[in-house]
Amino acid sequence: MYDVLVILNNSDTQQTMNCSNQYIEDTKQYQNMEWWMDGVGNIIICSVGIICNLLSIPVLLSRRLTNVFYRTLAALALFDTVFLMCDLLESIRRNHYPKINVCANPPPYQTLHLYLFPVFLRPLQSIMMVASIYATIVVALGRYLAVAKPISTMVRSGKGNWKTVMMYLMPVLVFSVLFKLPIFWEFYSEWCDVQCLNDKPV
């Protein structure tokens with residue numbers, strides 16, 4: 001008897017399909033393209049983005065750049081970094097983990113990742129995506145006010161204290177969590193008991 005952790009979609013239904021040879025060949029081509037685009041290209045793009053963001057955050061938080069604009073940009077870079085890390089882990093999970101053998105215990109890291117994906121990683125990725133979008137809007141609004149009302153904006157945001165930054169970012173984070181709250185119920189993990197005979201599931 002083996003315990004297998006699987007991820008299920010709440011809207012999943014069992015479907016039957018008659019597969020022709022052409023369909024199987026096309027499916028293999030699509031899977032090959034997906035592996036190169038998602039399993040290689042996406043990982044490279046995410047890695048470059050994470051490195052660039054991690055290099056830019058200390059610069060944006062340096063003592064020479066102390067106004068609200070630069071600290072908001074640092075928060076935006078942090079949101080993007082978290083999103084890219086989640087996306088990187090998801091690409092690795094889909095393309096580079098060994099296929100699960102239900103009659104053998106999977107590696108602990110794979111089980112942990114499968115457990116965290118629906119309850120933490122996927123919701124966090126979606127929340128960070130929305131937060132990044134609206135943080136960009138906050139940055140654009142700040143630039144508009146700096147041009148339209150330069151004196152008042154300079155007086156209000158020149159010191160760049162974190163209280164002012166959080167006044168801009170807290171509504172973004174609260175809205176992002178509330179907007180993406182349903183995603184916590186989109187997937188779920190469930191342990192399934194599988195009986196195996198001669199290393200084959202029955």
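## Helix packing and cysteines

The structure holds zero disulfides (a disulfide is a pair of cysteine sulfur atoms within 2.5 Å). This is a predicted model, in which local features need pLDDT of at least 70 and side-chain atom pairs count only at pLDDT 80 or more, while totals for chains, interfaces and linings use all residues. Residues are numbered from 1 along each chain as its sequence is written, and side-chain values use heavy atoms, leaving out hydrogens and water.

**Cysteines**

- Cys46 counts as buried at 1% relative accessibility (buried means under 20% relative accessible area, exposed over 50%, and partly exposed in between, with a 1.4 Å probe and protein chains only).
- Cys86 is buried too, with a relative accessible area of 6%.
- Cys103 sits in the loop between H2 and helix H3 (108–148), and Cys103 is buried at a relative accessible area of 6%.

**H2 against H5**

- Two packed helices are described by the angle between their axes and the distance between the axes.
- The axes of helix H2 (residues 68–95) and helix H5 (residues 162–179) come within 9 Å and cross at roughly 40 degrees. Helices (H or I, at least four residues) and strands (E, at least two) are DSSP runs numbered from the N terminus; axes are lines fitted to C-alpha atoms, for helices over the stretch in contact, with angles running from 0 to 180 degrees between N-to-C directions.
- H2 and H5 are therefore oblique to each other (under 35 degrees is roughly parallel, over 145 roughly antiparallel, 65 to 115 roughly perpendicular, and the rest oblique).
- Val68, Arg71, Thr72, Ala75 and Phe79 of H2 make the contact with Trp162, Thr164, Val165, Tyr168, Leu169 and Leu173 of H5 (contact means heavy atoms within 4.5 Å).

**H2 against H3**

- H2 and H3 pack at an angle of about 150 degrees, with their axes 8 Å apart.
- That makes H2 roughly antiparallel to H3.

**Thr72, a residue of H2**

- Thr72 is found in helix H2 and counts as buried at 3% relative accessibility.
- Leaving aside neighbours within four places in sequence, Thr72 is in contact with Val138, Val139, Val165 and Leu169.
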